[in-house]
Amino acid sequence: MIFQSASEIAAQIAAGEISAREVADAELERIAQVDGQIHAFLAVDAERAREQADAVDAKRAAGEPLGPLAGVPLSLKDIFCYQGLPCTCGSRILEGWHPVYDATVVKRLLAAGLVILGKVNMDEFAMGSSTETSGYGDTHNPWDLDNIPGGSSGGCAASLAAFEAALSAGTDTGGSIRQPAAVNGIVGVKPTYGSNSRYGVVAMASSLDVPGPFGRTVLDTALLHAAISGYDPLDSTAIDQPVPPVVRAAESGDVKGMRVGVVKELGGEGYQPGVMRRFNDCLGILERAGAQITQVSCPNFDYALGAYYIIMPSEVSANLARFDAMRYGLRVGDDGSHSVEEVMRLTRGQGFGAEAKRRIILGTYALSAGYYDAYYGSAQKARTLIVQDFTKAFEAADVLVSPTTPTTAWGLGERVDDPLAMYKADLCTIPSNMAGNCAGSFPAGLSPDDGLPVGFQVMAPPMADDRLYRVGAALEREVNGGRPLTSLIAGKPVGSGAGEVADV
Amino acid sequence: MALTAQDVAKLAELARIELSEGELAHLAPQLEVIIEAVAAVSQVAGADVAPTSHAVPMENVFREDEIRPSLSAQAALSAAPATEDGRFRVPRILEEEA
């Protein structure tokens, strides 16, 4: 049963064909079986997951209406505050910290009757594209255990590709939902900035961060999107508008007459040939479904990566200043011989990993007197130009498209000591964070050169998130013969339908 | 521009991060490569381009100033590394013992 989609699982629970408790037990059993190889989970919350499942079953028995995802098991990125479980954010500096309130996203998940199985691994403070900067070990890609699962939400994506959960909630600052979704062959959407609450989400770069959904199917992802989205007075940058009709769009998949703009700057030279091949195949699918394919140019996207690596570390250096060893988290050197400043320095030196240190120092540099105008000031202007490129491109096209990432998953360890190579994994995803518009990654099939999953990125204007799902659903019907991609860990060779895999 | 280990040490001090000699030597060339790669950004926009700090148009958000439930002192202190008399206990602030 756990190899089915979230919507199928929910429908069977609602119909009384299976109980939510049976699903939760099967999923916990699956985690016990395969997570030794994947290491997606940092904490499994079996007892409460069973209680949450029982509550759904009791509700059904009492004849109360169930939501469309009631009883569906979900994994949660370890960046969301969820009382009763530690929140490490992938960092040793927060080891053992228990939040004292729930994130808005968590409250909404629980209200929708989702069953939270536990918390999953991530790059430290969401900084990375491979989950290797986590202070709690590597997560392995279910398609090839020697490969990275993407990042920073690598645990989310890997847990879905390994069928350890039916849905997952993550966050995206520069591609942290879309890139792991792409390299795991699943769906991941970065909603419009401000449409999903950041309350209770450990902050990385506040003008860029947004929580969002992962699923194995387009409809599942849309259902989760609808469940967690919407205005929240506790987030001062929340957009007070209705959630776009994402579920209806995922059910429709109608792209007739839709203008699909291929971004000239995101593709071609420097991109893996197999990635471009699958990208072009997807354009063919959309064209046959009635979309009009056009070319658009966004010349300032060439500066997006550079501007991002000034703005993001600047915000990081400010946000991570809160880890001062005084009110919560690690404290080192408090033996009476060190002053408060020394304790801060020792704690941050020991508690932060290499990438966190790199970015904090980079941000400190970009914001320091004498460099502010050349770096932070210039990057903010480049951001304006990127927003203008999007505005112009969205006059010529309803959605913009590109590969999600220039390559498929690379080997664990390959880019660990080459930060720039690591950063380039987010070349295509960063522009949408800079402009705040929505974007999603949808499975494009397997790259013919290495047999690994490729992601197709769709970008739409702010609060037009439904368009992403329309395109994603149109692709899903044709890619891989209309069957979901199934990772090797699922026990079957690539290309076999999920339904053919024996239940555990 | 060349970024030396001394420059990185100065930045680490501003950021309150203790770094070993080894870390300083490792970080300096890495940061220099990153800074070189992002430097082109300073050439992109002219003086006439307005900066964007936030992607969505922002307005100040107001609400009624009313008393609402909040964290108890006990909850707020529950994750503290050290407490004393219902308060956060911190290492000495001044260099000299009082």
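Ala5(B), Val8(B) and Ala9(B) in α1(B) pack up against Leu24(B), Leu27(B), Ala28(B) and Leu31(B) in α2(B), where contact means heavy atoms within 4.5 Å. Helices here are DSSP runs (H or I, at least four residues), strands are E runs of at least two, and both are numbered from the N terminus. The model is predicted, so to speak of local features takes a pLDDT of at least 70, side-chain atom pairs count only at pLDDT 80 or more, and totals for chains, interfaces and linings use all residues. As for bookkeeping, residues are numbered from 1 along each chain as its sequence is written, chains are lettered from A and ligands numbered from 1 in the order written, and side-chain values use heavy atoms, with hydrogens and water left out.

Back to those two helices. The axes of α1 (residues 5–14) and α2 (residues 21–38) of chain B come within 8 Å and cross at roughly 100 degrees. That makes α1(B) roughly perpendicular to α2(B), a label for angles of 65 to 115 degrees (under 35 is roughly parallel, over 145 roughly antiparallel, and the rest oblique). The axes are lines fitted to C-alpha atoms over the stretch in contact, with angles running from 0 to 180 degrees between N-to-C directions.

In the loop between α1 and α2 of chain B you'll find Arg16(B). Arg16(B) has a positive phi of about 55 degrees although it is not a glycine. Most residues other than glycine have a negative phi, and most peptide bonds are trans. Arg16(B) is partly exposed, at 26% relative accessibility; buried would be under 20% relative accessible area and exposed over 50%, with a 1.4 Å probe and protein chains only.

Now hop over to chain A. Cys89(A) also has a positive phi of about 55 degrees without being a glycine, and sits in the loop between β2 (73–77) and α4 (104–111). Cys89(A) counts as buried, at 0% relative accessibility. Leaving aside residues up to four places away in sequence, Cys89(A) touches Asp78(A), Ile79(A), Leu94(A), Met122(A), Asp123(A), Glu124(A), Phe125(A) and Val202(A). Take Phe125(A): Cys89(A) and Phe125(A) are 36 residues apart in sequence, yet 5.2 Å apart in space, C-alpha to C-alpha.

A cis peptide bond joins Gly151(A) and Ser152(A), with omega about 10 degrees. Look for Ser152(A) in the loop between β3 (115–120) and α5 (154–161) of chain A.
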